[in-house]
Structures are given as C-alpha cells and as structure tokens.
Amino acid sequence: MTDLALDKLYGFYEQLWRIRLFEGHVQRLAAKGEVPGFPHLSTGQEAVAVGVCAHLAANDYVFSSHRAHGHVLAKGSDPYATFAEIIGRQDGLCRGRGGSMHLVDAANGVMGATGVVAGNLSLAAGAAWAAQALGDGRIAVVFFGDGATGAGVFHETLNLASLWQLPLLFVCENNGYAEFTSREEHSKVAKVSAFAAPYHLPAETIDGNDVLVVNAAAAAAVRSIRSGAGPRLLECMTYRMAGHYVGDAQRYRSKEELAAMKEKDPIDRLRAHLTQRGEPAAELEAIEKRVASEVQAAVERARQAARPDPATVLDYVYSQPLSTTAEA
Amino acid sequence: METTFIEIMRQALDEEMTRDASVYLIGEDVAAGGAFGVSRGLVDKHGPLRVRNTPISEAAITGLATGAALCGLRPVLEIMFIDFATLAMDCLVNQSAKYRYMSGGQLSVPMVVRTQAGAAGGAAAQHSQSLESWFIHVPGLVVVAPSSPVEAYGLFKSSLRLDDPVLFIEHKRLYAMKEHLPADAAAIPLGRARVAREGSDVTVIAYSAMVRTALEAAQQLAQEGVSVEVIDLRTLAPLDIETLVRSVTKTRRVVIAHEAVECGGVGAEVAARLGAAAFDELDAPIMRVGCPFAPIPFAPELEQALLPGREQIVRAVRELTS
Ligand SMILES: Cc1ncc(C[n+]2csc(CCOP(=O)(O)OP(=O)(O)O)c2C)c(N)n1
Ligand SMILES: [Mg+2]
C-alpha cells in the first residue's frame, strides 16, 4: 500500500482538497442565502469518493446519494458546471433543474444523485444490467449511506445483483448517523457488510477515512467485478465532520465526539503519510493553494452565470410533444 | 383469422424484440409466460437473457428497468397487477418520471411498464383496481389504456418506441377479446384520442374496457333514437383535449365513463379541462360514471353491484337528453 506511486498520492491529495474546498464554498454561500434548498456536505468523507473513483473510467456509471458533491467531483465533473448547478444556474450540469441532490453529468458517467434515500440502488443495478447485456465492459458504482440499509429496496437490490451477477459495486459510506439518529438506533446489525453475506455477495468493512485503504480495497473490488465475478460491497467507515445539512445545529453529537473526529480527518491523514515519506510541507501547501484558487475561480464564475429563463420551465418534461394542447 | 388480446400483445412484443435488439422483457414469471400468458414462448425465440424472470421485488425491478433505460436498453417491465405498482411507486414517481427533467434533458427513460388492471371474476380488492388516475398526476409519465386487441397492438408499438416512460395498462376483461389484426396494422400515435362511434346527441368519453361498454350503451340508445358519439381516449396522459372539444362542440353534452373510482378519477380531470376549454359549447353539466367509493368486493353479486356498466351509462345519457 505504501509503495503507491507518488504521483498517485499527490493526485489523491489534490482531489481531497478540491472536494473539501468546493464544499467550503457551498457552506459559505449557503449561509449567505445564495444556495437554494438544503445542501448536504461530505466534509470528512472525501476519501471514499476519491479512493473509489480512482478506479473508474469516464464511461463507468456512478450513482450517488443526497451527499453527492464529492462523488461527482471525484468522477471528474467540471467544478464550474457542478457549482453552477448547486446554485441553480443555466450553465449548471442540469441547467438548474436538479440542484445539489440531483446532480447528473451523463457524459462523464455521473448518472445521478438522488434525494430519496436508497432510491439510487436499483437504478445502479439497472445500469449494471445494461452494461452486462450490452457487453460494453462498463461497471456501475452506487454510493449510499448507512441509513439506506433500512429500506426494503436495499435488500431487494442486493439479492437481484447477486442473482444476476451484475457488474456493480455497492459502496456504503457508514458515517454512523442517518440524519440525527445514530446507527445503533436504526439497526441491531452493526456492520452493513453483514447484510451482504446471506445474498452471497462478497463484502468487507474498511477504514473509509484512509484514502490508501479505500484505494486498495476499491482496486481489488473493481478488478474482481470487471473480471465478471459479480457484485461486491464495500462498507467504508467514515465520519461526517459537518452537520447533516448546512445549518444543522447537531445537538445529537457531543463536543467530545466532534473533537475526536478531527483526528480522523482524511486530509490530515494523507498529509501525515506524505510527510512521513519525506515529501516537503511546502509542496503540499502549494497544492492546497493551487486547488484553492482554481476552485475559487470556478465558484466565482458560477456566481456570475446566467439564471435559467423562466420561460423554459416546461422544457425537458417529455422527449417530444404528445399533447394536442399545451399542458397546464 | 381472429386472435385474442393476449396473442396480439405477444405478437407485438415479439415483433418489437425482433426489430430492436435493445428491447428486453423482465418481470415476475415472464419467461414462464407471465401470469396471463402474454409472453408465453418468447423466451424460446429471444433467449433467457432477453426474457427474464425476476424475484418478487417490485421496487427493485422497476429501478432495474429504469436504470437500464438510462444506459442503452429499452426495457419492457411487467408488473403483474397494477395493484402491485404501489410497491414500485417511489421509482415510478420520483425517478422514472423525473429523470429527463431533473437532468436538464441529458437522460431519458425509454421504458414501458406493462401492467394489468380492472375487475373480473372475483379477483377482489387487491387484484382488481383501476389506479390510472394516480399516474396521470405525475409529470413525465405517459399513461396508455388500450380498448381492444388491435388498439393495444398499435399503441404498444408507439409506447415502446417513445423515449419516455410509459405505463401501459391492459384490462384483464379484454384479454380474451378477439379481433382480426389487419396485415397493415401499424403503430398508433400517442396523445390522440379516437372517435370509436360517431353520433350527434351526446358524447361518451371512455377508455380501456369501458369503451366496449360505451359502444354497447350507444347501440341500445340508438334504438331509442338517441345518437351517441363514443370517444376512446387511448392515452390518459397526456390528454387529447382537442378531439374532445371538437366532439362536444357537436353534441353539447358529455358523459365520462370509467371503471376506476369516480372520486378523483380521470373523469374529474377531463371534466375540469372540458369545462375550461368548452364551457360555452355545453348545454348541460358534465356527467361522470365511475365506481362508487368502495373497494372491489369478492362475491360475484357484490362485484357486479359495484362495477359501473352499460346501464349506468345509458341512465346518464338519458338524464342528459330527457
Ligand atoms: C426515503 C427517504 N426517507 C427519508 C428521507 C430524509 N432523509 C434525508 S437524508 C436522511 C438520512 C440518510 O442517512 P444515510 O443514508 O446514513 O446518509 P448520510 O446522510 O448519513 O450520508 C434522511 C432520513 C429521504 N430523503 N428519503
Ligand atoms: Mg449515514
């Protein structure tokens, strides 16, 4: 694991910062009232997105949850168009129709985030089924939270994916909470990976805050899936350093717990690893600075982007007009 | 030669699967022919990968079809009874219907959900419903309800070729109905209603199995000297208001008939739209014929007592013409 090429590690470091800083702007502008809706930040969980997406080709499919920004950026979507979508602009990925919870960048394999917990799982299975049927060599990855495992469709999809041996990677980001309620209050089953065994679906629980661990586990899982060995599940133990949504007062977590989580920061951990390998602090700071100004530029450009024309509000409902009268 | 609704649907499926390699048929028991035998034998011709049984997981298989439709397939999903579409509601309403819109036109969901509805033969409260009005309320869905085997053939072909999600509702009472499928039968455009019988005194608007019932009522009323025009909506969403207005302009009186519960049904929407679009053309209030506000009962006497039929339509027309 430690013999990973340096340029890879630097690449991870850069991507982790890109997501962290990007979401910092979401938080800042949300507080100023510039972000409609209620965006969910992945702050603290970035290593999962980065470590998994490192193994995906542009045309592999990614389905994401309500906490999607990290997955979308890690998959390689343009920060400008992504941010423009999050603030509802015409230049946004979805022309302002989707927003934070419905980011889609189809050309880049981002097939959609979802605002319905667990609603993405079966869609990802469908994408994997299409890839299998067409024999195009793609795989599908679905990111979901620990809370999604309470939904029936989670179990239905595990069963189906295993039964049909779909090229699908389930990635659970287990951050210990679903909104304001801890995992212990949701299920007797502590480990999400335990749900996979009865369906004969290989699964493992890993440290999701160590990008090197995620990278290695995802590499093995993706290799296996591409070889035709069927679906896999990775449970990535992580921690959301921010609230459930921007503005969450977080009364359900103690000060001690919040302080302890700082120790788990995936960026700090990769920095420590790089420093330990003798990489100069100045170099690492330079990366952070460069990414910061790049993200800042994308955000500022997005803030200047045109708002959607209200006259286009009925566009995209159907692929073609079918009605003889204008729809009400 | 006359063939049944089931056989004609099977032929339509077979032809479309032969024409387009991206068409896949999935659902509970479909490889075994499905609960009503519509897909019988298709697995032998098109193989077990293209005609595939699924577990009894309506939520997951609807997502499966939707996800596949996003990624290059054109799936036909069979939901055995529309009553079980309740288990697929999240996907249909929150995902399938909205994908095109939410993605700003990047993606679409070319999928047909074939399902079977309506009351017959003591299927009782959980296998007999007509739930179509729930779906016409959802922007992004197309809802089609054919009234005969030949209609089903043409409407299914258009449904399958459309790039939007279609709920294709087959009435179980039509399954045994026989018709001759003309050699030149072709795809029937969606979003266009059909004048099933011309008349001049009253317009009866119906769809699905109720079109046949309306035609029988029209026949009976003709003997009493009342000329009834029967319109088959074909597509419930979007609605073809133009054709309805044209008819109403001629007859000035309207009855809307469906088997679904009258309250909040398709008829309510049609009435409201006609009221707005053709108020000045109407000489009388719009009448509705639908199921009373009760679940479908089991015992044959009760089932028959509840279901609206020819008698109810005749009565409504008489009321408008007396
Ligand atoms: C079906 C459904 N129920 C409830 C909600 C409201 N909700 C939004 S996020 C969330 C918690 C999800 O927890 P988890 O899956 O662990 O993801 P996390 O937020 O921790 O990333 C809930 C209950 C929803 N969006 N969808
Ligand atoms: Mg969680």
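**A close look at one helix pair**

Modeller: Of the 322 residues of chain B, 63% count as buried. Keep in mind that this is a predicted model. The secondary structure of chain B comes to 12 helices and 14 strands, and its radius of gyration is 19 Å, close to the 20 Å that the globule rule gives for 322 residues, so chain B is as compact as a globular protein of that length. Laid along its principal axes, the C-alpha trace of chain B spans about 60 × 45 × 40 Å. If you take the contacts in chain B with a separation of 6 or more, 82% of them are between residues 24 or more positions apart.

Now to the pair you asked about. Helix H8 of chain B covers residues 210-223 and helix H12 of chain B covers residues 310-321; their axes come within 9 Å and cross at roughly 55°. That angle makes H8(B) oblique to H12(B), and the crossing is right-handed. On the H8(B) side, the contact is made by B:Met210, B:Thr213, B:Ala214, B:Glu216, B:Ala217, B:Gln220 and B:Leu221. H12(B) answers with B:Arg310, B:Glu311, B:Ile313, B:Val314, B:Val317 and B:Arg318.

The peptide bond from B:Ala237 to B:Pro238 is cis, with omega near -5°. You'll find B:Pro238 in the loop between strand S12 (235-237) and helix H9 (241-251) of chain B. As background, most peptide bonds are trans.

The C-alpha atoms of chain A fill a box of roughly 65 × 50 × 40 Å along the principal axes. Of its 328 residues, 55% count as buried. As for contacts in chain A between residues at least 6 apart in sequence, 75% join residues at least 24 apart.

Chain A has a helix pair to set beside yours. The axes of helix H4 (residues 79-86) and helix H11 (residues 281-304) of chain A come within 8 Å and cross at roughly 45°. That makes H4(A) oblique to H11(A), and this crossing is right-handed. H4(A) brings A:Pro79, A:Tyr80, A:Phe83 and A:Ala84 to the contact, while H11(A) brings A:Ala298, A:Val299, A:Arg301 and A:Ala302. Here the residues divide into 7 nonpolar, no polar and 1 charged.

A:Gln250 has a phi near 55°, a positive value in a residue other than glycine. A:Gln250 sits in the loop between strand S8 (232-237) and helix H9 (255-262) of chain A. With 16% relative accessibility, A:Gln250 counts as buried, because the cut-off for that is under 20%. The other spot is A:Tyr316, where phi is about 75°, again positive although the residue is not a glycine. A:Tyr316 lies in the segment after H11 of chain A. For context, most residues other than glycine have a negative phi.

Conventions: Residues numbered from 1 in each chain as written. Chains lettered and ligands numbered in written order. Predicted model: local features only at pLDDT ≥ 70, side-chain atom pairs only at ≥ 80, totals over all residues. Heavy atoms only, no water. Axes fitted to C-alpha atoms, helices over the stretch in contact; angles between N-to-C directions. Helix = DSSP H or I, 4+ residues; strand = E, 2+ residues; numbered from the N terminus. Parallel < 35°, antiparallel > 145°, perpendicular 65-115°, else oblique. Left-handed = near helix turned anticlockwise from the far one by under 90°. Contact = heavy atoms within 4.5 Å. Nonpolar A, V, L, I, M, F, W, Y, C, P; charged D, E, K, R; others polar. Buried < 20%, exposed > 50% of the residue type's maximum accessible area, 1.4 Å probe, protein only. Rg over C-alpha atoms; globule rule 2.2 N^0.38 Å.
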